[in-house]
Amino acid sequence: MQIPLARRRFLRLSGAAAALALSPATLSPAALSSRAEAASPVTLRVGYIPIIPMTQLFIMEGEGWTGQAGLDLKLTSFSSGPAMVQALASGSLDVVYVGIGPAMVARSRGIDIKVLASNIIDQVAFIGRGPFAETMAASASPADGFRQFYQRAGRPAKIATLPQGSVPDTILRYYIRNVAKADPAHVEIVGVGEDQVQQLLLAGAVEGASILEPVLTIVQERDPTARIVAPANAMLPRQPGAVLAVRETAIAEHRDAIAKLVELHVRATDFANTRHDRAAAHVSAFIGKGLVDPDVIAKALRSPNTNLVANPHEIMESTALLQDFQQTTGAQIKPVDLNALFDHSFFDAVRKAG
């Protein structure tokens, strides 16, 4: 069918106008960024510690969700949260799966991070071994247990944990001072990396540790004298743990990608809480270089000290309590405005959409 000349001319003009409207020269910076992210994967440099509280990251990578969502995560493993804070300060990371303690320390030092989601609550427990564990179990109170061990051994009990400023270290100090009310002279705190905590426990070089999964389960599996001296909820009820935190510069440059990351984080939390065996396979690939038995990881995921929670609102109150205590230990230079540290909007948008 012959199209009239006027009609053909109109179509050519309309097509040219549409092309012009969609050309890079006429799009806003935000629209250009959105088109670029849709066209190619967004690279995010992610720091993490290979421990159970980072399960969400292991699942979204293991299931291939990040690639499907157009996210290219460049992962770097760290031995502790304070080491990650140093990397953040150098500008080498965009996203961190880190403890809330180091996140607050980073913010107090002027690093522009925002906590977008929680990973877990009630994660750090106190495990003991050997004569120390027996003494603590038979004592009338934790303070009495520390005192009796000191008198019998002629030295304080050596308790391993992560470096000062980390969540396990802060929780341990809170427990000793405010819950156990033990004499500080009866306790020697040894701050090392997560792998070293496990090694020290299994070598019998320390009496106990303030640590999290899977170390708690692994040590109890391998050392018949090991037992939980104080579960997580007894050390500091509803204690905040690891979080998903992102630099404000990364949010500004890749907001859609960060929103997708939080969405996958929430999805992975639900996945981990309902599909333990499959989740354990993904976690095993990241922890212990794949050398930890998946059955042990599955057991650790079901542990009462593993409570995966993505909702950042749930840790606001306990984070404030933790921060107040950190001020007394010198781990944090100055208090942080938690309303400035937390950004609930990404999580709230996911829940609203769901």
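User: How many nonpolar, polar and charged residues line the second largest pocket?

Analyst: First, the ground rules: this is a predicted model, where local features need pLDDT of at least 70, side-chain atom pairs count only at pLDDT 80 or more, and totals for chains, interfaces and linings use all residues. Residues are numbered from 1 along each chain as its sequence is written, and side-chain values use heavy atoms, leaving out hydrogens and water. On a 1 Å grid over the protein atoms alone, a pocket is an open set of points with protein on both sides within 12 Å along at least five of seven lines, a cavity is a set where a 1.4 Å probe fits but cannot get out, and lining residues have an atom within 4 Å of a point. Counting Ala, Val, Leu, Ile, Met, Phe, Trp, Tyr, Cys and Pro as nonpolar, Asp, Glu, Lys and Arg as charged, and the others, Gly among them, as polar, the lining has six nonpolar, two polar and two charged residues.

User: Which element gives the largest share of that pocket's lining?

Analyst: The lining includes Arg173, Ile176 and Phe325. Helices (H or I, at least four residues) and strands (E, at least two) are DSSP runs, numbered from the N terminus. With three residues, the largest share comes from α9.

User: What is the volume of the largest cavity?

Analyst: The whole structure has one cavity of 30 Å³ or more. Grid points are joined across faces, edges and corners, and a volume is the space filled by probe spheres set on the points. For the largest cavity that comes to about 100 Å³.
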